[in-house]
Amino acid sequence: MDVDTIRESFDRVAEKQVQYATRSQEVINQLIKEIELTITNLQETNSDQSTILAQLKTKIDEITPLAQFEGCQKELNLAIARYTKLLEKTFTTDISKAYRDVEMDIPTINEIIASHFYRQGQFEIGDRFSSEAQVSESDILKSPFLEMHSILQSMKLSHDLGPALAWVAENREKLLQYGSSLELKLHELQYVEMLKAGKRVEALKYARTHLAPLANEHRAEIQKVFACLLWEDRLDQSPYGDLSSPSHWEELATEMVRQFCGLMGQPFESPLAVTLAAGAEGLPTLLKLAAVMQAKKQEWQEMKQLPVPLDLPKEYQFHSVFVCPVLREQGSEENPPMLMPCGHVLSRQSILKLSKNSTRAFKCPYCPQEGTVAQCRQLYF
Amino acid sequence: MDMVIDPPVAAAEGGASVTSSNNNGGGEEQRKKKKTPVTEILKLELQLLRVPVEHLKKSLRSSQRTAEKDLSAVLADISSVTASPTVAAVPPVSSLTSLVCRLHGIKRKLEESSSAEAAQVQRCRARIEHLEEFVPHPYCECNSNWNNTRLNRVILDYMLRMSYYDSATLLADSANIQELVDIDVFVEAREVVESLQNKKVAPALTWCAENKSRLKKTKSKLEFLLRLQEFIEMVKANDYLRAIAYARKYLAPWGPTYTKELQRVTATLAFKSGTNCSTYKVLFDVCRWDFLVEEFKQEFCKLFGMTLVPLLQIYLQAGLSALKTPSCPQGSCPKEDPLSQAGFMRLAEPLPFSKQHHSKLVCFITKELMDTENPPLVLPNGYVYSTKALEEMAKNNDGKITCPRTGIECNFSDLVKAFIS
């Protein structure tokens, strides 16, 4: 089924709606015309009133106004009914069937939404929402992102790298710890912009002050930067044209956000966006499962683990999940993965079972090598 | 220093998901007949398409009925004029002139409703077009825009249901999704909800009358509950005679359907509002009004083909279940995982986690999958990282490995391979 089919069915509805609109206007116009004609006739001619009026009656009966209306309305309503039926056939009838009747704490949800808006820089909406939804301590949610977005705004709107450079200088050590070359890239961009503006002397001075100290760690990059001098204001014709392109600005802005969030201990992508997208991926399977389990409502509400996997694309795999090949259970704190001397990995419970509670040596299920419990090491993914 | 001139560098790749992707290049293609299949994800969007259609049906029902009524009246009057002109009290010409005026009136009304209906048709169309823009996985870049719009739509649906109308309007305007959301439909609900919150049933009753036939089809209890509340308010005000008369007129017809409840409520006449008897005290409680608001919202959503639970909660629950693993509560989730956030973990607590059939291991350093092409290596302290990450580290550090999480040092040669199926 394509969206095209839906669109075609709806095109018919639209068509009939237009038909109804025009036809109904036409019919009324016809009636008005006939009556006005009759009025003129009555006023101007000498013919008998009854005849003129009888003529009007015949004319109106010919037009069959009510039938016209009803006809068009019927066609329109039929087209709509067909379209609605098509929708019900194509789309999932009720996506709330998989919804569990658990308490979803509204204040928590509201906090999450407010945070999301602040993270995206939509402060006005965030504030309005916080006041309407009575989100407590919205200032605390807001503050980390205020600084980030004001730096971003300077970069994006006025191409002013000042605030960004100030922030980078303040957090230099932490950034180096993370191995980020953000400071270098920002200085580079500033230098390139100066060159483009033709301020060669200033650019050189700038490079000496800010870029030279970084030369040890980033030799190749610094060489590139000084080579730019050869092209000056014709940088776009040089091999280094991309250094001043708008997309480079965008890249740096993204890098800035990434580092800022990282230093704050915040995720880069909005967690609300990620969760909702994951939900959309997993919901079809959940709905199928709910339909199958319809008879066992109690079990559905209380289950701790879904009986089927919800296969998400790999972007949603954030941390390791170990599944013991023997017991087919997920690893947890009580039952961690253990490395056997042969290199295969089983859960601790499987190993205890195989070794009859640490009393004997056991053979690995995957290879002929034997081992004891003492030789196994816990793994940390 | 040797000067090395680089060869021309390829154009930098477009920005990541923070910036919006430019769809102009794809515009032409979209204008040609693009085949977008209705994938599983699109199938979830029934509400998106149904609500404007239901709204259209509703408008048509009332405008068609009015037009027919008015037109029939005019035609009937024409018949009486043409039938017996001489007997008529008013001369034919003036009758006919006034009839023409009325016809003009009908015409105007039809024009207004037609343009309203055309606008609703346009909304239906805009939503179909929005679905056509969906590109299924793995073409993720295009999807960022679509996913973002969906996120905004879902948040907006939540705002409307929770009656945060100002935020909703602001969001719709800033995200430019006015045609994809149902603010206009909820405007209708707003008046009723606010009046119920002010303890007035009249607008709600009007709404019930307007939608009588649909509510009857779904066997709705709403009108009965509203009448009950009015009765209770009268009893509270000690207006007994009025209450009894009211009950006779408005509650009696519901007797056969909801006998027990009716009996219980009418007994409040005897107990009065100050009663301490719990069965009856609860009936006088102010929170019954909140219950009425919820009941109304449910009927309203049902009528328009909306889910009874906000979309946000449906998607959130599904997402939390999909992302949750048994190791999550330990707080070992990397910060990119939504479940590392306290709020999300709280919401996920009562939800089941997803089953996994096979191990999926993610390297702590590179965040890449550790599989047969990039197998996991084990340090002497049991910590595991991917071969790629450890080889890179060894290369840059003369063969030495430092565990990023524990700081322990060892040599690359001390590492052991792990075999995970």
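1. Two strands are taken as paired if DSSP finds at least two bridges between them, and the elements are DSSP runs numbered from the N terminus, with helices (H or I) of at least four residues and strands (E) of at least two. By this reading Pro337(A) stands opposite Ser347(A) in S2(A). The model is predicted, so local features need pLDDT of at least 70 and side-chain atom pairs pLDDT 80 or more, while totals for chains, interfaces and linings use all residues. Side-chain values use heavy atoms, without hydrogens and water; residues are numbered from 1 along each chain as its sequence is written, and chains are lettered from A in the order in which they are written.

2. Strand S1 (residues 337-339) of chain A pairs with S2(A) in the antiparallel sense, over three bridges. The open sheet has three strands in the order S2-S1-S5 (chain A), and the pairing is antiparallel. Strands S2 (345-347) and S5 (377-378) of chain A are at the edges with a single partner strand each, so one side of each has no neighbour in the sheet.

3. Chains B and A meet through 147 residues of chain B and 145 residues of chain A (contact: heavy atoms within 4.5 Å). Between them they bury about 13,400 Å², 67% of it on carbon and sulfur atoms; this is the accessible area (1.4 Å probe) lost on putting the two parts together, summed over both.

4. A salt bridge here is a side-chain nitrogen of Lys or Arg within 4 Å of a carboxyl oxygen of Asp or Glu. Arg7(A) and Glu132(B) form a salt bridge through their side chains at 2.9 Å, N to O.

5. Within chain B, the side chains of Asp70(B) and Lys109(B) form a salt bridge at 3.0 Å, N to O. Asp70(B) is in helix H3 and Lys109(B) in helix H4 (residues 92-132) of chain B, so the pair ties together parts 39 residues apart in sequence.

6. The second largest pocket holds about 1,300 Å³ of space. Of its 48 lining residues, the closest to the centre are Gln298(B), Thr307(B), Leu308(B), Val309(B) and Pro310(B). H15(B) gives the most to this lining, eight residues. A pocket is an open set of points on a 1 Å grid over the protein atoms alone, where a 1.4 Å probe fits, with protein on both sides within 12 Å along at least five of seven lines; lining residues have an atom within 4 Å of a point. The volume is the space filled by probe spheres set on the points.
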